[in-house]
Amino acid sequence: MKDQAVEQTLAFKVPKWYMLQALPNITVTRILEIKMATAIGIDLGTTNSCTAVKKIQTQVLKNSEGDYLTPSSVTLIPAGTEEGQWKIGKPSLQLRKLFPDETILSVKRLMGRSLHDPDVKRIQKESLVGYKLLEDKDDPNSIVLDLGKERKKPEEISSLLLEKLALDASRAS
């Protein structure tokens with residue numbers, strides 16, 4: 001019964017005669033498994049992030065540093081030979097003491113908030129971040145992070161982290 005439903009679903013996408021000619025020793029269920037073999041999941045966490053792949057069982061993937069968790073940390077190198085480059089994850093944490101004003105931690109807490117948000121005011125008041133938080137000129141309900149030479153929205157910083165996670169997942173899977 002299950003194979004019949006799968007066969008009917010695939011009939012619209014792949015003609016049955018083609019499946020039989022091209023893949024004579026493979027069942028419809030196996031074709032479905034091949035088509036759906038890999039699904040990547042990304043957990044963008046406030047402190048740490050990770051990726052996992054779903055094949056038959058879910059497997060958490062190691063990042064390019066060989067760790068299962070990637071610190072949700074991003075650093076913009078302000079000066080020197082790597083000026084203007086972004087370091088993401090563990091390399092960013094290692095640079096935190098050298099570049100405290102350019103290292104961004106817990107950026108997820110700032111996403112979708114304005115400067116008038118009580119949590120943002122607390123973060124500024126308690127000096128929990130080394131960089132300045134400014135109001136976005138284009139959207140007064142959004143924040144911009146002033147990193148000296150560059151200004152970025154929290155969503156842009158998160159996209160850098162997501163890019164690294166996706167790249168690490170594609171290499172590991």
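Tutor: Let's start with a term we will need: a helix is a DSSP run of H or I with at least four residues, and helices are numbered from the N terminus. Keep in mind, too, that this is a predicted model.

Student: Thanks! How many helices and strands does the secondary structure of the chain come to?

Tutor: There are six helices and ten strands in the chain.

Student: What share of the residues of the chain count as buried?

Tutor: For this we need a cut-off: a residue is buried when its relative accessible area is under 20%. By that rule, 34% of the 173 residues of the chain are buried.

Student: Which residues form a nonpolar patch on the surface?

Tutor: The patch is formed by Ile40, Ile42 and Leu162, whose accessible area together is about 220 Å². Let's look at one of these residues, Ile40, which sits in strand β1, residues 39-43.

Student: Why does isoleucine 40 count as partly exposed?

Tutor: Partly exposed residues fall between the buried limit of under 20% and the exposed limit of over 50%. Isoleucine 40 has a relative accessibility of 40%, so it counts as partly exposed.

Student: Now, how do I read empty space in a structure?

Tutor: The general idea is that rolling a probe the size of a water molecule over the atoms shows where empty space is left. In this structure, the largest pocket holds about 300 Å³ of space. It is lined by 14 residues, and Arg96, Leu105, Ser106, Leu128 and Val129 are the closest to its centre.

Student: Which element supplies the largest share of that pocket's lining?

Tutor: That is β7, with three residues. Both β7 (103-105) and α5 (118-125) give at least two residues to this lining.

Student: And how many cavities of 30 Å³ or more are found in the whole structure?

Tutor: The search finds three. A cavity differs from a pocket in that the probe fits there but cannot get out. In the largest cavity there is about 80 Å³ of space. Its lining has 13 residues, with Ser72, Val107, Lys108, Ser158 and Leu161 the closest to its centre.

Student: Where does the largest share of the lining of the largest cavity come from?

Tutor: Here our opening term returns: helix α6 provides the largest share, three residues.

Methods: Residues numbered from 1 in each chain as written. Predicted model: local features only at pLDDT ≥ 70, side-chain atom pairs only at ≥ 80, totals over all residues. Heavy atoms only, no water. Buried < 20%, exposed > 50% of the residue type's maximum accessible area, 1.4 Å probe, protein only. Patch = residues over 30% accessible without salt bridge, like charges linked within 9 Å, V, L, I, M, F, W, Y side chains within 5 Å. Areas by Shrake-Rupley, 256 points an atom, 1.4 Å probe, with all protein chains shown as cover. Salt bridge = Lys/Arg side-chain N within 4 Å of Asp/Glu carboxyl O. 1 Å grid on protein atoms, 1.4 Å probe; cavity = no way out; pocket = protein on both sides within 12 Å on 5 of 7 lines; lining within 4 Å. Points joined across faces, edges and corners; volume = space filled by probe spheres on them.
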